[in-house]
Amino acid sequence: MHLHRFVIACLAVCFIGLFAVPSAAPQEKYNRDAYAREYVQFLVQELDQWTKGFPRQFYSALLQPPRDSSKLSESAKAGPSDLGDSVKQLASLSSGKDILTNGDFRNQVDKTLAAAKQVNLAMASQRFPDPLQSDWEQIRTALNSLAEIYKVETLAALEPPAAGRGPGGRGGAPATVAAALPPGAVAGYIVDQRCSAQGKGMWTNVSCIERCVRDGDKVVLVTEEGKVFQIANQDKITSDSYGQKVIITGKTEGEIITIDTLKTS
């Protein structure tokens, strides 16, 4: 799944921009329609790759303590398998030139999102391994891009239970207290500007960040809370820190940081 991750977030920004300005000529409309079709096909192709191994990984994780399959509804248990089958069907319908208006394709998008909703509930019901959670964030981001294109309800960003805590947040290991930051320091993730707005699942996607930066995007610092700081001296950031959680010290003016030091936290 991780071998073919591309910049869904970056393409989404470009796609939305295409429809923000009314067409001035038939050729421009044709170009927008062609790009929109190619973007949908790109999303479906990526989903087809990413969901091939996801059901097996989900069911394998579900069998391992402390996860408990009895806590899931039958529809939630069937969700990953149903999602894989729905995406395969979606891929088989995606080659047509009329997928933006084709009723069969639109109906399959609805079915795929319905199956994904059950997976989303299942992933939020218990704490699954972090790699599987990260994979689901990638899949959910792509599905939400499709939902926005076809103007249907997107999948909510549901938080799973905190690691090491029992039902109701009690009976597990005590929460650790975050270490105090040095005066003037800010902690966060080094990520590109576009992906910083796409949720935590994209903040550690190194291949996506690298591609966006190669395409001319700037790197920023995004905190755990989602606040974005612009970095004045971009030359202080190397590719080794992409997707890493770091602590930056320096001069902060509003939402702009001039880096003095940077270290991995």
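Modeller: Start with one term: a residue is buried when its relative accessible area is under 20%, and exposed when that area is over 50%. Keep in mind that this is a predicted model.

Biologist: What share of the residues of the protein chain count as buried?

Modeller: The cut-off for buried is under 20% relative accessible area. The protein chain has 265 residues, and the share of them that counts as buried is 40%.

Biologist: How many helices and strands does the chain have?

Modeller: Read along the sequence, the pattern is α-α-α-α-α-α-β-α-α-β-β-β-β. In total, that comes to eight helices and five strands.

Biologist: Which residues have the most contacts inside the largest nonpolar core?

Modeller: In soluble globular proteins, nonpolar side chains tend to be buried together. The largest nonpolar core here has 36 residues. Helices H2, H3, H4, H5 and H6 each give two or more residues to this core. The residues with the most contacts inside it are Phe58, Leu83, Trp136 and Leu143.

Biologist: What does leucine 83 touch, leaving out residues up to four places away in sequence?

Modeller: Leucine 83 is among the residues with the most contacts in that core. Its partners are Thr51, Thr112, Ala115, Ala116, Val119, Trp136, Ile139 and Leu143.

Biologist: Which residues does the second, separate core include?

Modeller: This core has 22 residues. Among them are Cys195, Cys212, Ile237 and Val246.

Biologist: How far apart are the end C-alpha atoms of helix H5?

Modeller: Helix H5 covers residues 103-125, which is 23 residues. At 1.5 Å a residue, H5 should span 33 Å. The computed distance agrees with that: 34 Å.

Biologist: Which residue caps the N-terminal end of H5?

Modeller: Look for a side-chain oxygen that lies 2.9 Å from the backbone nitrogen of aspartate 104. That oxygen belongs to asparagine 102.

Biologist: Is glutamine 133 buried or exposed?

Modeller: Glutamine 133 lies in helix H6, residues 130-149. A polar atom of its side chain lies 3.4 Å from the backbone oxygen of methionine 123. Methionine 123 is itself one of the buried residues of H5. The relative accessible area of glutamine 133 is 10%, so this residue is buried.

Biologist: Which residue stands opposite alanine 185?

Modeller: Strand S1 (residues 185-192) and strand S4 (residues 245-253) run antiparallel, joined by five bridges. In S4, the residue opposite alanine 185 is threonine 249.

Biologist: In which sense do strands S3 and S5 pair?

Modeller: S3 covers residues 228-231 and S5 covers residues 256-264. Isoleucine 231 stands opposite isoleucine 257 in S5. Two bridges join the strands, and the sense is parallel.

Biologist: How many bridges join S4 to S5?

Modeller: These strands form a hairpin with two residues between them, where glycine 254 takes a positive phi near 65°. Valine 246 stands opposite threonine 264 in S5. S4 and S5 run antiparallel, and the number of bridges is eight.

Biologist: What is the omega of the cis peptide bond between proline 65 and proline 66?

Modeller: Most residues other than glycine have a negative phi, and most peptide bonds are trans. Proline 66 lies in the loop between H3 and H4. The bond joining proline 65 and proline 66 is cis, with an omega of about 10°.

Biologist: Is lysine 151 buried or exposed?

Modeller: Lysine 151 is found in the loop between H6 and S1. Its phi is positive, near 55°. The cut-off for exposed is over 50%. At 73% relative accessibility, lysine 151 therefore counts as exposed.

Biologist: What distance separates the C-alpha atoms of glycine 201 and arginine 140?

Modeller: Glycine 201 lies in helix H7, residues 200-203. It counts as buried, at 11% relative accessibility. Along the chain, glycine 201 and arginine 140 are 61 residues apart. Their C-alpha atoms are separated by 9.4 Å.

Key. Residues are numbered from 1 along each chain as its sequence is written. This is a predicted model: local features need pLDDT of at least 70, side-chain atom pairs count only at pLDDT 80 or more; totals for chains, interfaces and linings use all residues. Side-chain values use heavy atoms; hydrogens and water are left out. Helices (H or I, at least four residues) and strands (E, at least two) are DSSP runs, numbered from the N terminus. The expected span of a helix is 1.5 Å times one less than its number of residues. Buried means under 20% relative accessible area, exposed over 50%, partly exposed in between (1.4 Å probe, protein chains only). A polar contact is a pair of N or O atoms within 3.5 Å; within protein, one must be able to donate a hydrogen and the other to accept it, and residues adjacent in sequence count only if both atoms are side-chain atoms. A nonpolar core is a set of buried Ala, Val, Leu, Ile, Met, Phe, Trp, Tyr and Cys residues joined through side-chain atoms within 4.5 Å. Contact means heavy atoms within 4.5 Å. Two strands pair if DSSP finds at least two bridges between them.
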